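Please look through the structure shown here, and then follow the questions and answers below, which take up one part after another.

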Amino acid sequence: VQLQASGGGSVQTGGSLRLSCTAAGDTFSNYGVGWFRQYPGKEREFVAAIWATGEETYYTDSVRGRFILSRANTGNTAWLQMNRLKPEDTALYYCAADGRPHSYSTWYRNSEEYANWGQGTQVTVSS
């Protein structure tokens, strides 16, 4: 599956952005979707993930309660609604998808478990 991420931009502290991840080339409903972010010189870190069915979502502690991940399989799109943004949310954000079986329950937090990646979209939050 090919992924296209969009929606990044520049906002002030407390503002909101909605990132989109649009899929093409395969049945989107077969894939779990994750969002990761990367700071300069750092490894990608887990932000949020959603099951293929959309029934379960998971968030890293620093964004829980502020970010909401959802998906519409009919539209082949997942959205990361980011509210009450903080300067520390400034990063390059990536969406990823994977449809394979995984051997442990928290696989979605591990970027190496995702076979498909979109290009990054920059989020900048100014104070």
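Q: Where is the place of Ala52?
A: Strands here (E, at least two residues) and helices (H or I, at least four) are DSSP runs, numbered from the N terminus. Strand E6 covers 57–59, and Ala52 is placed in the loop between E5 and E6.

This is a predicted model, in which local features need pLDDT of at least 70 and side-chain atom pairs count only at pLDDT 80 or more, while totals for chains, interfaces and linings use all residues. Residues are numbered from 1 along each chain as its sequence is written, and side-chain values use heavy atoms, with hydrogens and water left out.

Q: Which residues does Ala52 touch, not counting residues up to four places away in sequence?
A: Contact means that heavy atoms lie within 4.5 Å. With residues up to four places away in sequence set aside, Ala52 touches Ser29, Asn30, Tyr31, Gly32, Arg71 and Asn73.

Q: How many Å apart in space are Ala52 and Arg84, C-alpha to C-alpha?
A: Arg84 lies in the loop between E8 and E9, and it has a positive phi of about 45° although it is not a glycine. In sequence Ala52 and Arg84 are 32 residues apart, and from C-alpha to C-alpha the distance in space is 27 Å.

Q: Is Asn76, at 25% relative accessibility, buried, partly exposed or exposed?
A: Asn76 is placed in the loop between strand E7 (67–72) and strand E8 (77–82), and its phi is positive, about 55°, although it is not a glycine. Most residues other than glycine have a negative phi. Buried means under 20% relative accessible area and exposed over 50%, with partly exposed in between (1.4 Å probe, protein chains only). Since its relative accessibility is 25%, Asn76 counts as partly exposed.

Q: Which residues have the most contacts inside the largest nonpolar core?
A: A nonpolar core is a set of buried Ala, Val, Leu, Ile, Met, Phe, Trp, Tyr and Cys residues joined through side-chain atoms within 4.5 Å. The largest such core has 29 residues, and the elements that give two or more residues to this core include strand E1 (2–6), strand E4 (32–38) and strand E11 (121–126). Apart from it lies another core, of 7 residues, among them Phe36 and Tyr108. In the largest core, those with the most contacts are Trp35, Val47, Phe67, Leu80, Met82 and Tyr93.

Q: Which residue has its backbone nitrogen 2.9 Å from a polar atom of the side chain of Asp98?
A: Asp98 is found in strand E9 and is buried, with a relative accessible area of 3%. Leaving aside neighbours within four places in sequence, Asp98 is in contact with residues including Asn30, Tyr31, Trp107 and Tyr114. The backbone nitrogen at 2.9 Å from a polar atom of the Asp98 side chain belongs to Ala115.

Terms used. Polar contact = N/O pair within 3.5 Å; in protein donor to acceptor, adjacent residues only side chain to side chain.
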